[in-house]
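Subject: Structure handover

Hi there,

Here is the structure I promised to pass on. Please have it open while you read, and my notes on what turned up follow just below it.

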Amino acid sequence: MQLELPWELGPADGRYVLRGHAGEPEHVLVLQTVAAHPRRPRLRGRRARRAEPVPETTTVPVTHATLIGAVPVGDADVAAAWLERADLTREVRAAVEVLNTVLHAERIVRADPFVREIAPEQALALRVGIGRGEQVAEGEWTEARSLPPLATARPKRTRALRPQERFAALLGGRDVALAAEELTLRARLDLDRGRTREAALQLRVALEAALAELQAWSHHEDLAARLDELREERGAVGAAANRALEGGLDDAQVADVARVVGRLEAALAARVAGGLE
């Protein structure tokens, strides 16, 4: 699986062997900066330079991220048959999940919060293909399929206007972004990426922030009921967070975290969708 992305991901170009818990190779990741356009010129000294009235658009490098299964699928005929019947969209999404584990590791080792994970919708191009050893290790293939850009699910028209209205309200100072909203987004990202310990710890803080911040709208019946539901979840969230400090969560606790993240998202969305004041 190959993704073409319009920025440098973070790790240096090269080949990376990704191993499972038993130490067995599972994937090989090949990163290549290709079709690199001129970078922004480095300014000498600390003085700014005069800019042109209509400056040229700054161009960027493009990264090819190719993920290869470490276990061969078989001979050429078997591989070709696999390519014909494969669910290409599912394969790309699975590859993105693996790539995001690499980017998460890069963010941790560099202690750089700006190393970002990706979504398949951000790719300029998506390809799934087959090839022989050294061929695929160079990011090439014998045969491949190109996928159209993956579209982000669009909300219904009645709801599509609400984010635009809220965006204008935030920029115009008529509304504020709650801390709970950002914290809940982080919990959701960790949960979706399989980082359940981090999700549980993040959720505990997000829940307490939401209970405090949404109290100002508790005179609205719907939101009052949602706040009551969230208060009842404090025990489950606290238990999951405490377990996260000790080690991994069990399946029931992961389900608790997923349920409360969903309820928290619904409560925060209800305040916005209802235009509550």
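**Helix packing**

The axes of helix H7 (residues 221-232) and helix H9 (residues 251-273) come within 10 Å and cross at roughly 160°. Here axes are lines fitted to C-alpha atoms, for helices over the stretch in contact, and angles run from 0 to 180 degrees between N-to-C directions. Helices (H or I, at least four residues) and strands (E, at least two) are DSSP runs, numbered from the N terminus. H7 and H9 are therefore roughly antiparallel to each other; angles under 35 degrees count as roughly parallel, over 145 as roughly antiparallel, 65 to 115 as roughly perpendicular and the rest as oblique. Their crossing is left-handed, a term for a near helix turned anticlockwise from the far one by less than a right angle (right-handed if clockwise). On the H7 side the contact (heavy atoms within 4.5 Å) is made by Asp222, Leu223, Arg226, Glu229 and Leu230, and on the H9 side by Arg263, Leu264, Ala266, Ala267, Ala270 and Arg271. By class, that gives six nonpolar, no polar and five charged residues. Ala, Val, Leu, Ile, Met, Phe, Trp, Tyr, Cys and Pro count as nonpolar, Asp, Glu, Lys and Arg as charged, and the others, Gly among them, as polar.

A word on the source: this is a predicted model, in which local features need pLDDT of at least 70 and side-chain atom pairs count only at pLDDT 80 or more, while totals for chains, interfaces and linings use all residues. Residues are numbered from 1 along each chain as its sequence is written, and side-chain values use heavy atoms, with hydrogens and water left out.

H9 also meets helix H5 (residues 179-192): their axes come within 10 Å and cross at roughly 145°, again with a left-handed crossing. H5 brings residues including Ala180, Thr184 and Leu191 to this contact, and among those from H9 are Val257, Leu264 and Arg271. The classes here are nine nonpolar, two polar and four charged.

H7 has a further partner in helix H6 (residues 196-213), packed at an angle of about 145° with the axes 10 Å apart. Leu207, Ala210 and Leu211 in H6 meet Leu227, Leu230 and Arg231 in H7.

**Pocket and cavity**

What is the volume of the largest pocket? About 900 Å³. On a 1 Å grid over the protein atoms alone, a pocket is an open set of points with protein on both sides within 12 Å along at least five of seven lines, a cavity is a set where a 1.4 Å probe fits but cannot get out, and lining residues have an atom within 4 Å of a point. Grid points are joined across faces, edges and corners, and a volume is the space filled by probe spheres set on the points. Of the 40 residues lining this pocket, Ile68, Gly69, Gly129, Gly131 and Val136 are the closest to its centre. The lining divides into 21 nonpolar, 10 polar and nine charged residues.

The whole structure has one cavity of 30 Å³ or more. Its lining is Met1, Leu3, Leu29, Ala65, Thr66, Leu67, Ala95 and Leu99, and strand E4 (62-69) and helix H2 (88-110) each give two or more of these. E4 gives the most, with three residues.

Best wishes
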